[in-house]
Amino acid sequence: MQLVWFRNDLRTSDNSALYYACLKGPVTGIYFVTPGQWKSHNLAPIQADFIEQNLQSLSIELCALGIPLLIEEVTDFSQIPARLKQIQKVHHIEVIHANEEPEINEKKRDQAVKEAGLPLILYQCDCILEAGSVVTLQGDMYKVFSAFRNAWMKKIKQTDIRPLPKPRAQASPLDANRAQNVSLNYDKKSSQAWPAGEREALRRLRHFLLQDIEDYHHNRDIPSLDGTSGLSAYLRLGVISAKRCVNEVLAAFPYALDAQDSGVFSWLNEIVWREFYRHIMILNPQLCKGKNFNKLADNIIWNNNREDFKAWCEGRTGYGLVDAAMRQLNETGWMHNRLRMVTASFLTKHLLIDWRWGENYFMGKLIDGDLASNNGGWQWAASTGCDAQPYFRIFNPIIQSQKFDPEGLFIRKYIKELNEFDNKKIHFPVNAIVEHKQARLNALDRYSVLKKG
Ligand SMILES: Cc1cc2nc3c(=O)[nH]c(=O)nc-3n(C[C@H](O)[C@H](O)[C@H](O)COP(=O)(O)OP(=O)(O)OC[C@H]3O[C@@H](n4cnc5c(N)ncnc54)[C@H](O)[C@@H]3O)c2cc1C
């Protein structure tokens, strides 16, 4: 019997661990619910609910392949080796198969499982190109995103990126009634706006390819439009693989990697950002522990004013776009990328609050909360990261609002109080907690520790 240990790869297609385990013999699946670990990682209740829904769906998909799925609860990762040992005995497990994860605690967990003498084989299918395989001629990780992207795209052209198929059914399918009735022991918030399952993820991708991707470069920055794929939550839990996404894109738009000005290229560029942040994190594991990528940033003195932080969290800064964005996050569990940049910049530069506070707040709310992308995004906005926004570039929230929400459509959706304001007035602050010009000067002063030399 082979055991497939599912983590952030809740799918049956293009799942290396599952595919190769099925080639070896009969398979049982397992998923560990780890409420204590999730608490310490500040997993959002909406993401917990999304995990639950996707496990339910995976369990049904696996039944069709004749594979039962065990759901086991332990408090945290430290209890997994002992529990796996018991399971190995009861189910006569020969080998445990799993797909590797990029984060440090997850890597330590896997190491502990191996050190306990368990036969764990790890596969790589979280990134399309493995960390450490896209490097300079000297063998170093690229520090500039565009250079990384060019090298990544060059390599992709020479790589077979066909996704692995679903494995063949093991024996006769299991009765769908044997699918787990999954109920996770964790605080949950409904994720019903994001229907679960591989089919839904693929449907979203294909709909996006048909309807939106060619205009992505024009629409992606406008939060009142539905101009992006909405796939981040699915990619986060591995309900669909990034490789499958890129493969489908290139099948539909074979020219895409050479069409820099197209919407399709622009979307692939975002998938490369995902890979970039994962590669950086794997090669710099201290990032998982809240360290600045740029050591000079250790010298920034933050204000860390609790009242200001609370106002930011609750969408009460007085700046319409910032507040509408925070309310979108609090109400829906998702925030548009442009607004993640604007709100993160506002917290770190206007309020001079440590980016780690914001990073943690986002994790506790986002359906797609993901350590590598969230940390990358926060350190980019705070100018402390790898190829980050230069410290002297400080988003003006009024100009951002005029540019990306010119008619105030997005602001009005989330801030009913501003409904009566006309399209000019709506962008200007009302009872703001900081004044932009002064805040900018303060930030330039505090951030001057990042000046080279
Ligand atoms: C401060 C900040 C925090 C963020 N936190 C997260 C997070 O916790 N989880 C997360 O998945 N994304 C995060 N992002 C990236 C981005 O905002 C979301 O991935 C995107 O908004 C998701 O919407 P979409 O799926 O419609 O994206 P699309 O525009 O359709 O992009 C397609 C996919 O590319 C990836 N992607 C897009 N932009 C980025 C990016 N800047 N960095 C890394 N990957 C990207 C995502 O997987 C996304 O699903 C963060 C960005 C910032 C600035």
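**Close-up 1. The largest cavity of this predicted model.** Its volume is about 160 Å³. The lining holds 19 residues, and Asn8, Asp9, Arg11, Cys125 and Asp126 are the closest to the cavity's centre. H9 and H11 are the elements that each give two or more residues to this lining. By class, the lining has 10 charged, 5 nonpolar and 4 polar residues. Domain 1 (2-123) and domain 2 (129-162 + 197-283) each supply at least three residues. The whole structure has 3 cavities of 30 Å³ or more.

**Close-up 2. The second largest cavity.** About 100 Å³ of space lies here. Among the lining residues are Tyr277, Phe293, Asn375 and Trp380. H11 and H16 each give two or more residues to the lining. H16 gives the most, with 5. Domain 2 (129-162 + 197-283) and domain 3 (295-447) both contribute to the lining, so the cavity lies between them.

**Close-up 3. The largest pocket.** The pocket's volume is about 1200 Å³. Of its 39 lining residues, Arg220, Glu270, Trp273, Asn337 and Ser373 lie nearest the centre. Helices H9 (232-236), H11 (263-283), H14 (337-350) and H16 (371-381) each give two or more residues to the lining. H11 gives the most, with 8 residues. The lining divides into 17 nonpolar, 11 polar and 11 charged residues. This pocket lies between domain 2 (129-162 + 197-283) and domain 3 (295-447), because both give residues to its lining.

**Close-up 4. Helices H13 and H14.** The axes of H13 (residues 320-332) and H14 come within 9 Å and cross at roughly 115°. H13 is therefore roughly perpendicular to H14. Their crossing is left-handed.

Note on methods: Residues numbered from 1 in each chain as written. Predicted model: local features only at pLDDT ≥ 70, side-chain atom pairs only at ≥ 80, totals over all residues. Heavy atoms only, no water. 1 Å grid on protein atoms, 1.4 Å probe; cavity = no way out; pocket = protein on both sides within 12 Å on 5 of 7 lines; lining within 4 Å. Points joined across faces, edges and corners; volume = space filled by probe spheres on them. Helix = DSSP H or I, 4+ residues; strand = E, 2+ residues; numbered from the N terminus. Nonpolar A, V, L, I, M, F, W, Y, C, P; charged D, E, K, R; others polar. Domains from an automatic or database assignment. Axes fitted to C-alpha atoms, helices over the stretch in contact; angles between N-to-C directions. Parallel < 35°, antiparallel > 145°, perpendicular 65-115°, else oblique. Left-handed = near helix turned anticlockwise from the far one by under 90°.
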